[in-house]
Amino acid sequence: MSGAMRTVKVVLPYHLRTLAKVGAEVEVEVAEPVTVRRVLDALENSYPMLRGTIRDHETQKRRPFLRFFACEQDLSHDATDAPLPDEVVTGKEPLLIIGAIAGG
Amino acid sequence: MSTVRVLVGTRKGAFILTSDGKRKDWQVSEPLFTGWEIYHLKGSPADPNRLFASQCSGWFGQQIQRSDDGGVNWEPVGNKFTYDGVPGTHQWYDGTAHPWEFKRVWHLEPSLADPDLVYAGVEDAALFKSSDGGATWEELAGLRGHDTGPHWQPGAGGMCLHTIILDPADAGRMYIAISAAGAFRTDDGGKNWKPINKGLVSNFIPNPTAEVGHCVHHVAMHRERPGVLFMQKHWDVMRSDNAGESWQEVSGNLPTDFGFAIDVHAHEPETLYVVPIKSDSEHFPLEGKLRVYRSRTGGNEWEALTKGLPQKDCYVNVLRDAMAVDSLDECGVYFGTTGGQVYASADAGDNWTPIVRDLPAVLSVEVQTLA
């Protein structure tokens, strides 16, 4: 069962901002419990061009060069159905989607 | 007055170069899709203002972008490339079985007649088709399902389907090429495929004349003679006069017959262009001299074209999809280099000038001749 709707802030890496034609931070409406999976579902519904860019179309696995950070924690290896920190749920802190620093 | 639009894909974005029919003064667009690898852009022959671009990134995967106004505005369309059924395996570099995995789109080939129809050649090698302007994609699985599929192996650049040629005289016929499987032809719109590699000799594979396993780098065709094909193989320049049923070597007097790019003059079906590269170990021109070679005899007899091209200290490469011709009365020839130059000749190769010198490494060049 889905609970109350929450407004969650998400910070995208530069190349996904240009792809989606948005600023650094976007807000999405997510039903509780707020999890990485639900945030990404909402994000992809609002911005369909992001499908396949953060997680695989089929397996839904996070792409290997991306990480999920929030509240100074690396959440990348947590279960995608685990509840996000309260600060993210209440909109005080964003969920950060980070691209690995690599390449030339 | 005609307009020429040169579509350039690079390691770090795309650029559109525009000139009038004189091809002397060029406007260079602002970079498009900055920071992304643009393997290929191509316009629809049926609607020249409809352009498709393959945009990809090691971080964020594949996008297909489409413009309906000649490249001013772009919108991402469908990026879901799912192999038909259970993907199965092909051979890995070490000969072990390796699952088919989608990596990127190397080449987009819009239909000659239908602006909503476009084909995509992908890595790991497969052919996809979109009938809705790129919004959704389905695999033409008969190719990968060929009996030889499990034996295909990647070349050094990956197992990519990099060449798609549509036969203007026969809507059911198309040719594709895969590194390092070889060339294939369908006569029924992509349901069934036939390897067309008879006559190719590749000394780097166990059986040099095997049915598949050849590292074909690129194939070109003149639209008025769709049964005649020209191929730049890993080594050797080849031609076929029977729709790929058999091939003959036409390297002739080339100083080296290794290379990637090959194309045909717009109005002279026996005039070919290649850019010889020193070897498979040293991907740059011989002696540091950038030379396009032209044959006016369908191969075998080649002349070096050097006017306006650097003749010392040049160590760039010209990749397989980085040469194209326009269709103006005096045929223009264009190519891009891994050093970021795009060279143009408005007189069929006799004289060359750089349109731009300092782009990111050029992956592809296509040309549109607009009325």
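How many residues does the contact take from chain B and from chain A? The contact takes 13 residues from each of the two, chain B and chain A, where residues are in contact if their C-beta atoms, placed from the backbone, lie within 7 Å. This is a predicted model, in which local features need pLDDT of at least 70, side-chain atom pairs count only at pLDDT 80 or more, and totals for chains, interfaces and linings use all residues. Residues are numbered from 1 along each chain as its sequence is written, while chains are lettered from A and ligands numbered from 1 in the order in which they are written.

- On the side of chain B that touches chain A, strand E6 (residues 61–67) of chain B gives the largest share, three residues; strands (E, at least two residues) and helices (H or I, at least four) are DSSP runs numbered from the N terminus.

**Cis peptide bonds**
- Glu32(A) and Pro33(A) are joined by a cis peptide bond with omega about 0°, and Pro33(A) lies in the loop between strand E2 (25–31) and helix H2 (36–46) of chain A.
- Ser179(B) and Ala180(B) are also joined by a cis peptide bond, with omega about 5°; Ala180(B) is in the loop between strand E15 (174–179) and strand E16 (182–186) of chain B.

**Positive phi in residues other than glycine**
- Asp236(B) has a phi near 90° and is found in the loop between strand E19 (229–233) and strand E20 (237–240) of chain B.
- Asp236(B) is buried, with 23 other C-beta atoms within 10 Å (buried: 20 or more such atoms within 10 Å; exposed: 12 or fewer; partly exposed: in between; C-beta atoms are placed from the backbone).
- Asp313(B) has a phi near 60° and counts as exposed, because it has 8 C-beta neighbours inside 10 Å.
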